[in-house]
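Here is a short tour of a protein model, written for someone who likes to look while reading. Please have the viewer open and follow along.

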Amino acid sequence: MTVARQQVTQAGRIVVKVGSSSLTTAAGGLDADRVDALVDVLARSRSGGEKEIVLVSSGAIAAGLAPLGLTRRPKDLARQQAAASVGQGLLVARYTASFARYGVRVGQVLLTSDDTSRRAHYRNAYRTLDQLLAMGAVPVVNENDTVATDEIRFGDNDRLAALVAHLVRADLLVLLSDVDGLYDGDPARPGTSRIEEVRGPEDIAHVQIGSAGKAGVGTGGMVTKVEAARIAAAAGVPVVLTSATRAADALAGRATGTFFHATGRRSADRLLWLAHASTPQGSLTLDDGAVRAVVKGRKSLLPAGIAAVDGEFSAGDPVELRDTAGRAVARGLVNFDAKEIPQLLGRSTRELAKELGPAYEREVVHRDDLVVLEP
């Protein structure tokens with residue numbers, strides 16, 4: 001057995017993500033046989049209690065299409081949310097009934113990126129998922145489409161799965177779709193071959209990656225899966241990318257799909273969420289000294305280093321930190337409303353505290369709420 005496949009068989013906590021096209025019919029609505037087939041694989045892989053499974057499942061919007069008389073996924077957010085509201089209940093009910101055949105309970109966990117980039121919410125999400133696993137349940141995670149706005153959406157469940165794998169400190173992420181791995185070209189054309197292992201970005205730099213799925217009921221495609229694999233691998237979590245029909249082989253460590261080796265170190269740092277799951281609500285322009293302090297020194301951002309503010313945001317929102325050339329160098333959760341910051345620009349915290357009160361003797365962005373972006 002290769003080292004890659006050995007990592008699969010030794011994984012104790014596994015996040016499995018399945019896409020809409022693997023769960024639903026072409027006309028919309030859940031395919032009970034497909035759901036049962038997936039649950040059969042997951043239930044058997046965790047039998048004996050040796051492995052813990054977290055299931056990140058798309059399909060809520062797709063499941064709600066037919067019951068609402070919709071023939072295709074709507075483009076507007078309001079009707080997507082309506083479809084999700086109907087479909088999410090159907091999806092979890094189907095999983096509940098299917099896992100019950102094995103005496104396994106499921107727990108629904110709905111997340112938005114806003115829930116998981118904020119410190120307290122991040123801890124709560126981890127505790128909930130960890131407790132469900134400790135009690136022998138299978139968490140079924142999905143984006144909370146019924147309340148998510150364009151500004152706080154993950155955008156696709158592939159990225160959500162990568163971030164959940166980091167959140168629960170998983171040993172493995174398995175991405176299931178309608179394609180059995182990453183190919184060096186269009187898999188429908190002759191002469192292309194499946195890439196068995198990816199050790200780093202350079203291994204697939206030459207690959208033209210498609211952006212659209214075949215079924216038309218999801219939001220992802222191969223490009224989102226490769227990006228999710230990159231995020232997870234950089235956080236120290238290896239990834240198997242394969243088709244839902246080969247889930248059993250993937251979880252058994254057999255040679256299927258594409259294996260992405262971990263490229264980074266594991267950590268419990270929630271800032272991965274801030275980097276990959278948040279949408280900045282505004283920006284702060286830093287002078288050269290502040291850029292050095294934040295990027296090189298990993299310091300907090302103080303009012304004295306801010307040259308300009310842009311956008312409308314509230315305290316606690318994610319904002320982009322830019323250099324004087326306009327390049328984003330970091331992202332952080334701001335401690336002040338946008339309307340408060342102009343009076344703080346270029347001034348010391350001591351001076352501000354004396355003039356405006358002790359509430360202003362603090363960082364604009366604390367280093368614990370700040371992540372430096374890759375150049």
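If you look for S177, its bridge partner in β7 is S243.

Keep in mind that this is a predicted model. Its mean pLDDT is 86, and 89% of the residues reach 70 or more. One stretch calls for care: over residues 211–220 the pLDDT stays under 50, and the model has 22 contacts beyond four places in sequence for it.

Stepping back, the protein contains 12 helices and 13 strands. Eight of the strands make up an open sheet with mixed pairing, in the order β3-β4-β2-β1-β5-β7-β8-β6. The edges are held by β3 (106–111) and β6 (197–198); each has a single partner strand, so one side of each is left without a neighbour in the sheet. Helix α2 (residues 32–45) lies across β1 (13–18), β2 (52–57) and β5, and runs at about 155° to β2.

Now for the interior. Of the 375 residues, 51% count as buried. In soluble globular proteins, nonpolar side chains tend to be buried together.

| Core | Size | Residues to find |
|---|---|---|
| Largest nonpolar core | 44 residues | V15, V141, V164, L173 and L182, those with the most contacts inside it |
| Another core, apart from it | 30 residues | among them V16, Y95, F99 and V240 |

Leaving aside neighbours within four places in sequence, V15 is in contact with V54, V56, A161, V164, A165, V168, A170, L172, L173 and V174. Two of these partners, V164 and L173, are listed with V15 among the residues with the most contacts inside the core.

Among contacts between residues at least 6 apart in sequence, 72% join residues at least 24 apart.

Note on methods: Residues are numbered from 1 along each chain as its sequence is written. This is a predicted model: local features need pLDDT of at least 70, side-chain atom pairs count only at pLDDT 80 or more; totals for chains, interfaces and linings use all residues. Side-chain values use heavy atoms; hydrogens and water are left out. Helices (H or I, at least four residues) and strands (E, at least two) are DSSP runs, numbered from the N terminus. Buried means under 20% relative accessible area, exposed over 50%, partly exposed in between (1.4 Å probe, protein chains only). Contact means heavy atoms within 4.5 Å. Two strands pair if DSSP finds at least two bridges between them. Axes are lines fitted to C-alpha atoms, for helices over the stretch in contact, and angles run from 0 to 180 degrees between N-to-C directions. A nonpolar core is a set of buried Ala, Val, Leu, Ile, Met, Phe, Trp, Tyr and Cys residues joined through side-chain atoms within 4.5 Å. pLDDT is the predictor's confidence in each residue, from 0 to 100.
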